[in-house]
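Visitor: I am new to this structure and would like to learn how to read it. Could you walk me through it, one feature at a time?

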Amino acid sequence: MNDDVRLVAWVRGQVQGVGFRWFTRATALEIGGLSGFALNLADGRVQVVAEGPRTACGKLLDWLEGDDTPGRVDGVTEIWDTPRGGYDGFAIR
């Protein structure tokens with residue numbers, strides 16, 4: 001059984017200009033098994049797309065919603081889906 005998933009999360013708050021994407025990438029690499037990206041959006045949010053094992057994506061989501069992120073996270077909206085592939089590692093966009 002393949003438990004790989006795709007997590008798309010939109011993070012609201014003071015999350016741009018504080019190293020949020022860099023720390024998201026570092027956390028994803030530390031968790032391991034994830035590919036995807038973190039991207040600043042024009043409206044001030046950061047979009048995070050991660051594909052890999054459900055448990056690893058869940059750990060990344062827990063971190064995004066936790067108190068250990070740079071800046072200030074006011075909320076996270078997420079969507080779970082089937083993986084689409086095509087990512088080479090975890091990038092900052």
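Visitor: Let me start with a helix. Which elements do the buried residues of H2 pack against?

Guide: Before we look, please keep in mind that this is a predicted model. The buried residues of H2 pack against E1, H1, E3, E4 and E5.

Visitor: Which residues of H2 are the buried ones?

Guide: They are Ala56, Cys57, Gly58, Leu60, Leu61, Trp63 and Leu64. A residue is called buried when its relative accessible area is under 20%.

Visitor: How far does H2 reach from its first C-alpha to its last?

Guide: H2 reaches 16 Å with its 12 residues, close to the 16 Å expected at 1.5 Å a residue.

Visitor: Which residues of H1 are buried?

Guide: Phe20, Thr24, Thr27 and Ala28 are buried in H1. Looking down the axis of H1, you find its buried residues within an arc of 100°, so they line one face of the helix.

Visitor: Why can residues that are separated in sequence point the same way in a helix?

Guide: An α-helix has 3.6 residues a turn, so residues three or four places apart point the same way.

Visitor: What do the buried residues of H1 pack against?

Guide: Their partners are strand E1 (4-14), strand E2 (35-40), strand E3 (46-53), helix H2 (54-65), strand E4 (72-81) and strand E5 (90-92).

Visitor: Can we follow one of those buried residues? Where is Ala28, and which residues is Ala28 in contact with, leaving aside its neighbours within four places in sequence?

Guide: Ala28 is in helix H1, and its relative accessible area of 1% makes it buried. Leaving aside its neighbours within four places in sequence, Ala28 is in contact with Leu34, Leu60 and Phe90.

Visitor: Which exposed residues sit on the face of H1 turned away from its buried side?

Guide: That face carries Trp22 and Glu30. Trp22 has a relative accessible area of 51% and is exposed. Together with Phe23 and Ile92, Trp22 makes a nonpolar surface patch of about 310 Å².

Visitor: What comes just after H1?

Guide: Gly32 does, and this glycine takes a positive phi of about 85°.

Visitor: Let us turn to charges. How many salt bridges does a search of the whole structure find?

Guide: The general idea is that side chains of opposite charge can pair when their charged atoms come close. Here the search finds four salt bridges. One of them joins Glu51 and Arg6, with the closest N and O atoms 2.7 Å apart. Glu51 lies in strand E3 and Arg6 in strand E1, so this pair ties together parts that are 45 residues apart in sequence.

Visitor: Are Glu51 and Arg6 buried or exposed?

Guide: Glu51 is buried at 6% relative accessibility, and Arg6 is buried at 7%. Another salt bridge links the side chains of Arg84 and Asp81, at 3.6 Å from N to O. In that pair, Arg84 counts as exposed at 62% relative accessibility, while Asp81 counts as partly exposed at 35%. Arg45 and Asp43 also meet in a salt bridge, at 2.8 Å from N to O, with Arg45 partly exposed at 28% relative accessibility.

Visitor: One last stop, please. Where does Gln14 lie, and which residues is Gln14 in contact with, beyond its neighbours within four places in sequence?

Guide: Gln14 lies in strand E1 and is partly exposed, with a relative accessible area of 43%. Leaving aside its neighbours within four places in sequence, Gln14 is in contact with Pro70, Gly71 and Arg72.

Key
Residues are numbered from 1 along each chain as its sequence is written. This is a predicted model: local features need pLDDT of at least 70, side-chain atom pairs count only at pLDDT 80 or more; totals for chains, interfaces and linings use all residues. Side-chain values use heavy atoms; hydrogens and water are left out. Buried means under 20% relative accessible area, exposed over 50%, partly exposed in between (1.4 Å probe, protein chains only). Helices (H or I, at least four residues) and strands (E, at least two) are DSSP runs, numbered from the N terminus. The arc is that of the directions from the helix axis to the C-beta atoms. Contact means heavy atoms within 4.5 Å. Patches are made of residues with over 30% relative accessible area and no salt bridge: like charges are joined within 9 Å, nonpolar side chains (Val, Leu, Ile, Met, Phe, Trp, Tyr) within 5 Å. Accessible areas come from the Shrake-Rupley method with a 1.4 Å probe; for residues, only the protein chains shown count as cover. The expected span of a helix is 1.5 Å times one less than its number of residues.
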